[in-house]
Amino acid sequence: MKILVAGDYAPQNRIQTLLDKHDYSFFNEIKNITNNYDLAIVNLEAPITKGTDKLAKFGPNLKAPDETIVSVKYAGFNLVTLANNHIMDYGDTGLQDTLKICETEKINTVGVGNNIEDAEQIFYFTAADGLKVAIINCCEHEFSVADTSNPGANPLNPIRQYYKIKEAKNSADVVLVIVHGGIERYQLPTSRMVETYRFFIEAGADCVINHHQHCFSGFEEYKGKPIFYGLGNLCFDIGPDKGTWHEGFMVSLDITEHTLNYKLIPYCQCDENPAVSLVEPKDFNIRLSKLNNIISDSTKLKQNNDKHYKSDSELIKSVLTTIPGRILNKIYRMKLLSPALRGIKVRMLENYIQCESHRDKVLAVLKTIK
């Protein structure tokens with residue numbers, strides 16, 4: 001069995017213009033690769049919908065045109081992970097539209113549902129060689145997650161994932177956990193991420209793969225099983241000259257009855273050229289090795305995490321701070337503060353408190369305040 005796993009696909013700007021022209025050639029080099037795989041997986045980072053009712057949240061609301069799923073098929077992907085922080089950007093309408101068009105185009109989905117029990121359902125796939133893989137897909141808590149009565153993405157919850165891994169282990173030869181989380185634009189996992197993903201391996205997962213940060217991260221083997229801490233964007237156009245935003249890698253898994261071998265396929269995406277293009281691994285591997293060395297040393301990882309948290313400390317303080325005293329209290333009581341402003345502040349605080357990676361930063365910064 002051969003499985004390919006790719007990161008975030010959100011057709012924006014120049015890529016959306018190409019989709020409007022039914023031009024999918026930006027995926028030509030990817031198409032040449034996916035033909036060799038039984039299962040090719042990509043994270044669909046935006047709902048496919050014509051809906052206009054945006055979810056009230058903190059952060060951008062993304063959506064994609066119908067041609068997106070045609071490009072997914074053109075590229076050779078046959079499974080999309082949907083547990084991410086944007087899948088509910090246009091509410092249940094956006095989610096249902098996405099599921100409907102994926103079903104129509106015969107693209108499999110995993111990671112979402114009408115409630116949490118539905119969203120955490122395992123995707124099973126049996127290859128021609130008879131081997132069976134189980135895919136568990138979840139994401140950190142932002143504004144997209146399902147609960148007991150509302151639709152959305154499968155939320156990261158190590159306890160619930162533990163039981164799902166055990167369930168999958170009883171039914172499949174290989175268990176793959178794909179998580180959407182981490183700190184955006186930061187090339188290392190937090191110590192919490194390392195602890196959680198290692199726990200998934202201890203629970204029985206054979207491989208853990210993460211995306212979301214919009215840059216690639218490193219990887220390690222834990223108890224002989226690989227953990228990839230960040231794939232980067234597969235195709236997410238914001239224009240040239242944005243550094244690591246344009247770099248990433250896909251993970252190739254070659255699985256037999258007794259072994260799981262992997263290799264990395266690096267690429268450049270949507271820099272000067274609006275396309276995904278393979279790159280030579282030499283320089284990429286050197287930089288990746290530096291990240292791996294930090295991840296393998298818990299002291300170095302904590303030092304790098306703390307340094308990053310410090311660089312973000314003023315932003316975090318501005319999010320948490322309100323002006324104390326009688327004057328502000330009087331403004332609130334007299335309802336002179338704009339409801340819209342109050343709503344934005346509440347959503348901002350909610351995001352920084354409920355999202356695991358944002359909370360990691362908040363707690364780190366709070367410890368430095370005397």
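**Reading salt bridges, burial and surface patches**

Tutor: Let us begin with one residue of this predicted model: E105 has a relative accessible area of 25% and is therefore partly exposed.

Student: Which residue does the side chain of E105 meet in a salt bridge?

Tutor: Side chains of opposite charge can pair when their charged atoms come close. Here the partner is K73, with an N to O distance of 3.3 Å. K73 lies in helix α3 (residues 67-75) and E105 in the loop between α4 (91-104) and β4 (108-110), so the pair links distant parts of the chain, 32 residues apart. K73 is partly exposed, at 40% relative accessibility.

Student: Are R192 and D360 buried or exposed?

Tutor: Both are buried. Their side chains meet in a salt bridge of 2.8 Å, N to O. Because R192 belongs to helix α7 (residues 191-203) and D360 to helix α13 (residues 356-368), this pair ties together parts that are 168 residues apart in sequence.

Student: Where do K361 and D312 lie?

Tutor: K361 is in helix α13, whereas D312 is in the loop between α9 (298-311) and α10, so their pairing ties together parts 49 residues apart in sequence. The salt bridge itself has an N to O distance of 3.1 Å. K361 is buried, with a relative accessible area of 6%, and D312 is buried at 18%.

Student: Which residues gather in a patch of negative charge on the surface?

Tutor: A patch takes residues with over 30% relative accessible area and no salt bridge. D38, D129, D173 and E257 form the negative one. D129 sits in the loop between β6 (123-126) and β7 (132-139) and is partly exposed, at 46% relative accessible area.

Student: Which residues form a nonpolar patch?

Tutor: L320, L363, L366 and I369 do, with about 320 Å² of accessible area together. L320 is located in helix α10 (residues 313-320), and its relative accessible area of 31% makes it partly exposed.

Student: How many helices and strands does the protein have?

Tutor: There are 13 helices and 16 strands. The radius of gyration is 21 Å, close to the 21 Å that the globule rule gives for 370 residues, so the protein is as compact as a globular protein of that length. Buried residues make up 53% of the 370.

Conventions. Residues numbered from 1 in each chain as written. Predicted model: local features only at pLDDT ≥ 70, side-chain atom pairs only at ≥ 80, totals over all residues. Heavy atoms only, no water. Patch = residues over 30% accessible without salt bridge, like charges linked within 9 Å, V, L, I, M, F, W, Y side chains within 5 Å. Areas by Shrake-Rupley, 256 points an atom, 1.4 Å probe, with all protein chains shown as cover. Salt bridge = Lys/Arg side-chain N within 4 Å of Asp/Glu carboxyl O. Lys, Arg positive; Asp, Glu negative; His and termini not counted. Charge placed at Lys NZ, Arg CZ, Asp CG, Glu CD. Helix = DSSP H or I, 4+ residues; strand = E, 2+ residues; numbered from the N terminus. Buried < 20%, exposed > 50% of the residue type's maximum accessible area, 1.4 Å probe, protein only. Rg over C-alpha atoms; globule rule 2.2 N^0.38 Å.
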